Amino acid sequence: MKSYRKELWFNTPARRAFINITPQVEEALADSGVREGLVLVNAMHISASVFINDDEPGLHHDYEVWLEKIAPHEPVGQYRHNDTGEDNADAHIKRQVMGREVVVAVTGGRLDFGPWEQIFYGEFDGMRKKRVLVKIIGE
């Protein structure tokens, strides 16, 4: 069995962002040489997420609005975590809701997606360097 590891790095200019990382994952898969197996993609930071959904701007807007209703950034004093001097408790909650990782089957050397599925990096406390792990195993 083959094993391949790659890190993707992001530094978003805004506090929040959704970035389609499917092309980078597909590139890692091609580099791995794996034809049948699994790809794990996970955010390696507790205020960022990886998830699968449609690459549609209206949906991304709806996520932004919905997440802000669930865990509004302000007032920052509403969160006990922020008593430590942080201002990112909302980002931790948003990450928990959106998820840490995705696993995608590899079939015939390609990501085995359903219709419209794409992999996204969700940033909830940006403006600093963070990484995503891509781990591929298979034959």
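Strand 3 (residues 36-43) and strand 5 (residues 101-107) are paired antiparallel through seven bridges. Two strands count as paired if DSSP finds at least two bridges between them. Helices (H or I, at least four residues) and strands (E, at least two) are DSSP runs, numbered from the N terminus. The model is predicted: local features need pLDDT of at least 70, side-chain atom pairs count only at pLDDT 80 or more, and totals for chains, interfaces and linings use all residues. Residues are numbered from 1 along each chain as its sequence is written, and side-chain values use heavy atoms, with hydrogens and water left out.

Strands of a sheet pair through backbone hydrogen bonds, either parallel or antiparallel.

These pairings belong to an open sheet of five strands, ordered 1-8-3-5-6 and paired antiparallel. Its edges are strand 1 (2-10) and strand 6 (110-111); each has a single partner strand, so one side of each is left without a neighbour in the sheet. Helix 1 (residues 22-32) lies across strand 1, strand 3, strand 5, strand 6 and strand 8 (130-138), and runs at about 150 degrees to strand 1. Contact here means heavy atoms within 4.5 Å. Axes are lines fitted to C-alpha atoms, for helices over the stretch in contact, and angles run from 0 to 180 degrees between N-to-C directions.

A further open sheet consists of three strands in the order 2-7-4, again with antiparallel pairing. Strand 2 (17-20) and strand 4 (48-53) are at its edges with a single partner strand each, so one side of each is left without a neighbour in the sheet. On average, neighbouring strands of this sheet are turned by 25 degrees against each other, direction ignored. Six bridges hold the antiparallel pairing of strand 4 with strand 7 (residues 118-123), where Val 50 has Tyr 121 as its bridge partner. Helix 2 lies across strand 2, strand 4 and strand 7, at about 145 degrees to strand 2.

Helix 2 also packs against another helix. Two packed helices are described by the angle between their axes and the distance between the axes. For helix 2 (residues 57-70) and helix 3 (residues 89-98), the axes come within 10 Å and cross at roughly 120 degrees. The two helices are therefore oblique to each other; angles under 35 degrees count as roughly parallel, over 145 as roughly antiparallel, 65 to 115 as roughly perpendicular and the rest as oblique. The crossing of helix 2 with helix 3 is right-handed, a crossing being left-handed if the near helix is turned anticlockwise from the far one by less than a right angle, and right-handed if clockwise.

From helix 2, Tyr 63, Trp 66, Leu 67 and Glu 68 meet Lys 94, Val 97 and Met 98 of helix 3. The residues of this contact comprise five nonpolar, no polar and two charged. Ala, Val, Leu, Ile, Met, Phe, Trp, Tyr, Cys and Pro count as nonpolar, Asp, Glu, Lys and Arg as charged, and the others, Gly among them, as polar.

Glu 68 has a further partner in Arg 16, with which it forms a salt bridge whose closest N and O atoms are 3.5 Å apart. This pair links distant parts of the chain, with Arg 16 in the loop between strand 1 and strand 2 and Glu 68 in helix 2, 52 residues apart. The whole structure holds 13 salt bridges, each defined as a side-chain nitrogen of Lys or Arg within 4 Å of a carboxyl oxygen of Asp or Glu.

Two loops carry backbone features. Between helix 2 and helix 3 lies Pro 75, and the peptide bond from Glu 74 to Pro 75 is cis, with omega near 0 degrees. Trp 116, in the loop between strand 6 and strand 7, has phi near 70 degrees, a positive value in a residue other than glycine.

Taken as a whole, the protein has three helices and eight strands, which run β-β-α-β-β-α-α-β-β-β-β from the N terminus on.
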